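This report describes a structure by its strands, helices, chain contacts and model confidence. Please read it alongside the sequence and coordinates shown below.

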Amino acid sequence: MFYREAGDFSTTYAEDQQTFPIKFDRYRYYVVLFIAIVVVPFFINDYWANSLLLPFLIYAIAALGLNILVGYCGQVSLGTGGFMAVGAYSCYKFMTGVDIWWGGELLFRLPEFNIFFSVIMGGLMTALVGVLFGLPSLRIKGFYLAVATLAAQFFLVWLFNRVSWFYNYSASGQINAPERDLFGVLITGPSTEPWATYLFCLFFTIVCAVIARNMTRGSAGRKWMAIRDMDIAAEIIGVNPLRAKLTAFMVSSFFVGISGALFFAVYLGAVEVGEAFGIQKSFLVLFMIIIGGLGSIFGSFAGAAFLVLLPVALKVVGVDWFGWPTDIVAHLNLVIVGGLIIVFLIAEPHGIAQLWRVAKEKLRLWPFPH
Amino acid sequence: MRRCRRLRRGWLRNERATRGCADAPPALPQLCQLADGRARCEVADELYWKDEGRGGVKDTVDSYVTADGRTIGPVVMEMKNITLRFGGVEAIKDISFDIREGEIRAIIGPNGAGKSSMLNVISGFYVPQEGEVWYKGSRRPAMKPFQVAQQGIARTFQNIALFEGMSVLDNVMTGRLTHMKTGLFAQSLWKGKAEAEEVENREVAEKIIDFLEIQAIRKTPVARLPYGLKKRVELARALAAEPSILLLDEPMAGMNVEEKEDMSRFILDVNDEFGTTIALIEHDMGVVMDLSDRVVVMDYGKKIGDGTPEEVRNNQDVIDAYLGVAHD
């Protein structure tokens with residue numbers, strides 16, 4: 001009834017190409033933003049922040065990044081975990097001051113970066129590494145590229161385990177986020193306030209989402225989608241395939257790196273690379289975008305929300321209400337996720353985002369069938 | 001001192017061609033400047049062009065006016081002794097022909113004659129083993145297809161090669177990609193440069209959409225469209241690039257008579273309205289003979305005829321190739 005484009009006229013091309021051309025959508029978006037920025041911080045507590053909101057926001061960034069690569073550019077990647085690790089470790093190094101050694105002597109040590117810039121440096125470093133591992137994509141496609149990125153995953157995890165420079169020679173081999181603040185408010189460390197970490201992550205999520213949307217609706221996004229849909233035709237109409245693929249790898253890795261940095265510094269606080277950024281992380285993020293919807297910004301959020309919510313919801317329902325054993329519920333979670341992947345791949349390859357789109361189509365006509 | 005040759009009639013492509021020529025006329029009063037910056041000589045009955053030794057630069061040749069009043073310009077693209085092999089198979093054997101500015105040039109021939117391979121050579125998809133491609137007066141070095149596209153050569157495909165996951169508008173906008181230069185950073189901000197560029201190119205795309213009468217399906221995903229419309233959208237995408245040469249690979253394959261008539265009209269309109277040079281491959285002889293200014297006929301990788309439709313129709317080799325010849 002309210003969801004209509006009727007009476008909503010675009011008189012310029014700029015208006016026609018905005019993110020939410022339908023007025024109702026636009027207001028819904030503002031309301032969601034308002035609630036997320038202004039209302040939630042007042043009601044947030046540790047449980048909500050740590051079990052739901054922070055992982056959702058952080059995984060949403062990772063899913064956005066992977067979606068640009070897989071959903072928009074069609075280059076399958078299984079290296080997400082490894083790239084998140086790059087983000088986490090470079091964030092750590094920049095937080096604690098990068099030390100450069102030459103011939104057994106300390107050449108110099110960069111000053112410690114503010115946490116905000118450390119996270120961004122984490123993204124930039126990952127973008128660099130992503131471009132490097134994206135280079136084979138010009139020659140190999142599909143499954144074979146997936147295997148090549150799998151090599152990146154294992155290599156990077158091995159690297160961060162082996163080279164003690166990355167974890168500042170700590171005996172445990174772990175990296176621990178020291179206490180850091182932004183404008184005097186603690187962002188990392190054990191004694192942070194939930195609202196501060198939430199707002200910090202929310203800021204990055206919103207900025208990343210806006211950037212992703214802007215890129216995918218413009219010429220960069222069209223280049224990526226052209227490569228995805230038919231790479232030969234894309235080349236014939238003037239898209240440089242290497243550059244298009246590498247920019248996709250770059251932007252994607254930037255987002256994934258930021259999420260890795262946040263995951264380590266703000267969410268976990270301490271990280272052992274094989275455990276936190278193993279292959280299962282790569283699959284988790286890939287499942288998010290498959291369930292959420294390939295090639296859709298909204299889908300990245302939906303998928304992240306779904307896979308973060310599912311174990312929590314199952315725990316509440318199974319353990320708290322029905323009193324089932326915890327391990328049964330944990331296994332049930334795996335079964336449901338696996339089943340859903342199969343169902344979505346067969347029944348709705350475009351994921352929750354497509355269901356949402358269909359629902360909106362129907363809503364526009366409601367209450368009439370045609 | 002460079003040698004200059006004298007040709008029969010026509011016009012000069014630009015002044016560069018006569019610069020440094022010993023026997024160039026002292027002044028070329030007949031030269032008149034066109035709106036797009038080219039110099040055109042309409043009254044002169046003599047023409048001078050620079051000879052660079054290796055076969056000469058053929059960037060100034062005579063132009064003529066067709067019966068229906070269109071001006072056909074000088075040679076814009078020339079294929080010189082192209083030979084293309086796939087292993088032991090010679091797909092194209094020593095073929096030379098040229099494409100003039102503003103003309104509709106057809107390439108015909110029986111199946112497997114090498115027409116599509118020829119088009120792929122032009123669009124840079126195949127690199128010929130021998131021969132040269134001359135474009136706008138200079139030899140084209142070995143290029144990737146996307147570089148050829150950036151030089152202003154657009155094409156459509158025999159089997160539709162649209163981007164199925166995108167809307168019609170987005171597909172047409174991909175045709176504008178060679179004209180869009182905003183960097184990634186500006187795009188991530190959107191407001192300002194990226195948006196301005198988007199709107200500017202959207203206007204061109206809309207002009208093409210309007211021209212090909214596909215406004216109603218602008219926002220429809222391409223995958224949902226019927227075959228005939230997909231062909232039209234593909235033409236729109238190629239046209240959106242504002243190419244100087246448009247290559248059409250069987251634009252009417254698989255169409256019914258009505259759709260063929262529509263498509264023929266669009267091809268003629270495009271040529272007339274935008275002055276686009278068109279090279280097309282087509283099997284429907286009626287269409288080819290009606291549309292094209294000049295026709296190249298290929299058979300088994302060889303050129304067996306070249307000329308106006310009238311000449312080609314009466315060429316004995318062509319008749320033999322199409323109708324078969326009795327072996328005794």
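## The hairpin of strands 7 and 8 in chain B

In this predicted model, strand 7 and strand 8 of chain B form a hairpin with 2 residues between them. Gly87(B), in the turn, has a positive phi of about 65 degrees. Helices (H or I, at least four residues) and strands (E, at least two) are DSSP runs, numbered from the N terminus. Strand 7 covers residues 75–86 and strand 8 residues 89–100; the two run antiparallel and are joined by 8 bridges. Two strands are said to pair if DSSP finds at least two bridges between them.

Residues are numbered from 1 along each chain as its sequence is written, while chains are lettered from A and ligands numbered from 1 in the order in which they are written. Because the model is predicted, local features need pLDDT of at least 70 and side-chain atom pairs count only at pLDDT 80 or more, whereas totals for chains, interfaces and linings use all residues.

## The sheet around strand 7

Strand 7 of chain B also pairs with strand 10 (residues 130–135) of chain B, in the antiparallel sense and over 5 bridges. Here the bridge partner of Met79(B) is Val133(B) in strand 10. The open sheet contains 4 strands of chain B in the order 8-7-10-11, with antiparallel pairing. Its edge strands, strand 8 and strand 11 (138–139), each pair on one side only.

Which helix of chain B holds Val121(B)? Val121(B) lies in helix 1, residues 115–122. A residue is buried if 20 or more other C-beta atoms lie within 10 Å of its own, exposed if 12 or fewer, and partly exposed in between, with C-beta atoms placed from the backbone. Val121(B) is buried because 21 other C-beta atoms lie within 10 Å. Two residues are in contact if their C-beta atoms, placed from the backbone, lie within 7 Å. Leaving aside neighbours within four places in sequence, Val121(B) is in contact with Ile82(B), Leu84(B), Tyr126(B) and Pro128(B). The C-alpha atoms of Val121(B) and Tyr64(B), 57 residues apart along the chain, are separated by 28 Å.

Val168(B) is found in helix 3 of chain B and counts as buried, with 27 C-beta neighbours inside 10 Å. Not counting residues up to four places away in sequence, Val168(B) touches Ile214(B), Ile217(B), Arg218(B), Thr220(B), Val222(B) and Val233(B). Ile214(B) is 46 residues from Val168(B) along the chain, and their C-alpha atoms are separated by 8.7 Å.

## The side of chain B that touches chain A

The two chains meet through 35 residues of chain B in contact with 26 residues of chain A. On the chain B side, at least two residues each come from helix 2 (145–150), strand 12 (153–155), helix 3 (168–174), helix 4 (184–189) and helix 5 (193–211). Helix 5 of chain B gives the most, with 6 residues.

By class, this side of chain B has 18 nonpolar, 9 polar and 8 charged residues. Ala, Val, Leu, Ile, Met, Phe, Trp, Tyr, Cys and Pro count as nonpolar, Asp, Glu, Lys and Arg as charged, and the others, Gly among them, as polar.

Helix 3 of chain A (residues 46–72) bends by about 35 degrees at Leu53(A), and a proline, Pro55(A), follows within four residues. The bend is the angle between axes fitted to the seven residues ending at a residue and the seven starting there. Of the 27 residues of this helix, 20 are buried, so helix 3 of chain A is largely enclosed by the rest of the structure. Gly74(A), with a positive phi near 75 degrees, follows the helix.

The largest nonpolar core has 181 residues, of which Ala88(A), Leu262(A) and Phe264(A) touch the most other members. Such a core is a set of buried Ala, Val, Leu, Ile, Met, Phe, Trp, Tyr and Cys residues joined through C-beta atoms within 7 Å. Helix 10 of chain A (residues 241–268) gives the most to this core, with 17 residues. Beyond four places in sequence, Leu262(A) touches Ile58(A), Val119(A), Cys201(A), Phe204(A) and Tyr267(A).

## Chain B overall and model confidence

Chain B has 10 helices and 16 strands, and buried residues make up 42% of its 328 residues. The model scores ipTM 0.83 and pTM 0.84. The mean pLDDT of chain B (the predictor's confidence in each residue, from 0 to 100) is 79, and 81% of its residues reach 70 or more. Over residues 1–60 of chain B, pLDDT stays under 50. Where pLDDT is low, the predicted coordinates should not be read in detail.
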